[in-house]
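The following paragraphs go through one protein structure. Please keep the sequence and the model at hand while reading.

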Amino acid sequence: MRAAASTPVLRVGLNKVALLRSSRGSAVPDLGEAARVLVDGGCRALLVHQWPDHRHVKPEDVSALSRLEVIRDERASLHVGGDLREDLGALLERTPGVGCWVVTPFEAQHLTTQRGWRAEDDQARLAHWVRSLQGRTRISVFVDPEPAAVDLVARAGAAAVELNCRAYVEGFETPTRERALEALALAADRARQLGLEVNAAHDLDRRHLPPLIRAVRPTLVSVGHAFVAAAVIAGLREVLPGFLQAASEE
């Protein structure tokens with residue numbers, strides 16, 4: 001019998017905030033301000049992905065976020081996702097304040113991550129960066145919920161796995177949900193046996209969280225696109241009255 005689930009850390013991704021800003025080539029919305037609002041509201045972990053095509057977050061964004069007071073005073077941890085490439089590793093080496101590098105395979109043809117770390121990926125390079133960043137930035141690796149993938153992460157010496165919840169999310173309203181949850185739970189159990197922290201990620205929405213947390217008992221759950229989408233709708237209600245008032249003033 002599995003132990004009762006404790007409350008995991010909720011990590012919020014800021015990629016879509018950065019994407020909105022970059023779509024106009026401006027500084028609005030301000031990524032730093034979004035981070036401060038979230039931390040002031042109780043969020044204790046933030047995530048940005050710095051992909052090689054700079055589709056939303058740029059290297060300078062990582063540096064700027066790491067200098068925020070809420071990061072420097074450790075009110076929240078800054079996590080940076082991205083593929084295992086030299087320029088990103090070098091950026092993290094020279095950027096104090098990044099708590100975790102979430103190593104995630106990148107395929108430019110896809111809008112979002114489709115797969116986790118596999119045996120054909122560069123295991124030696126992963127182990128190299130674990131050693132190089134030891135004592136300053138932890139490494140977590142995005143994996144499909146398969147024990148063999150978890151074993152690869154442990155052999156590289158990484159600190160955590162990010163379990164890919166894609167099958168669970170896509171099958172949430174179907175009979176495949178329980179099978180997906182069981183796969184996640186088995187992978188999580190394997191990770192804990194190997195001394196790895198267990199995080200859960202990929203397209204999670206609020207409704208996905210309670211069953212996932214009960215079954216998998218993750219240390220951290222990561223939300224992003226659905227969170228920002230909900231924030232946009234909620235924000236429309238809050239912002240509209242002020243704009244209507246401004247439009248009516250003579």
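Which residues in H6 meet which residues in H7? Gln123, Leu126, Ala127 and Val130 in H6 meet Leu152, Arg155 and Ala156 in H7, where contact means heavy atoms within 4.5 Å. By class, this contact of H6 with H7 holds 5 nonpolar residues, 1 polar and 1 charged. Here Ala, Val, Leu, Ile, Met, Phe, Trp, Tyr, Cys and Pro count as nonpolar, Asp, Glu, Lys and Arg as charged, and the others, Gly among them, as polar.

The model is predicted: local features need pLDDT of at least 70, side-chain atom pairs count only at pLDDT 80 or more, and totals for chains, interfaces and linings use all residues. Residues are numbered from 1 along each chain as its sequence is written, and side-chain values use heavy atoms, with hydrogens and water left out.

The protein chain has 11 helices and 8 strands. Helices (H or I, at least four residues) and strands (E, at least two) are DSSP runs, numbered from the N terminus. Along the principal axes, the C-alpha atoms of the protein chain fill a box of roughly 65 × 45 × 35 Å.

The strands form a closed barrel of 8, in the order E1-E2-E3-E4-E5-E6-E7-E8, with parallel pairing. Two strands pair if DSSP finds at least two bridges between them. From one strand to the next, the twist averages 25 degrees. Strand E1 (residues 9-13) and strand E8 (residues 220-223) run parallel and are joined by 4 bridges; Val9 has Leu220 in E8 as its bridge partner. E1 also pairs in the parallel sense with strand E2 (residues 45-49), over 3 bridges, and Gly13 stands opposite Leu47 in E2.

Back to the helices. The axes of helix H6 (residues 123-132) and helix H7 (residues 147-156) come within 8 Å and cross at roughly 45 degrees. Axes are lines fitted to C-alpha atoms, for helices over the stretch in contact, and angles run from 0 to 180 degrees between N-to-C directions. H6 and H7 are therefore oblique to each other: angles under 35 degrees count as roughly parallel, over 145 as roughly antiparallel, 65 to 115 as roughly perpendicular and the rest as oblique.

H7 also packs against helix H9 (residues 176-193), at an angle of about 25 degrees and with the axes 9 Å apart. That angle makes H7 roughly parallel to H9. The crossing of H7 and H9 is right-handed; a crossing is left-handed if the near helix is turned anticlockwise from the far one by less than a right angle, and right-handed if clockwise. On the H7 side the contact is made by Pro147, Val150 and Asp151, and on the H9 side by Ala187, Arg190 and Ala191. These residues comprise 4 nonpolar, no polar and 2 charged.

H9 has a further helix partner. The axes of H9 and helix H10 (residues 209-216) come within 8 Å and cross at roughly 45 degrees, so H9 and H10 are oblique to each other. Their crossing is right-handed. Arg177, Leu181, Leu184, Ala185, Ala188 and Arg192 in H9 meet Pro211, Leu212, Ala215 and Val216 in H10, a contact with 8 nonpolar, no polar and 2 charged residues. H9 also lies across strand E6 (160-164) and strand E7 (197-204), running at about 175 degrees to E6.

Two backbone details remain. Most residues other than glycine have a negative phi, and most peptide bonds are trans. Asp203, in strand E7, has a positive phi of about 60 degrees although it is not a glycine. A cis peptide bond joins Val28 and Pro29, with omega about 0 degrees. Pro29 is found in the loop between helix H1 (15-22) and helix H2 (31-40).
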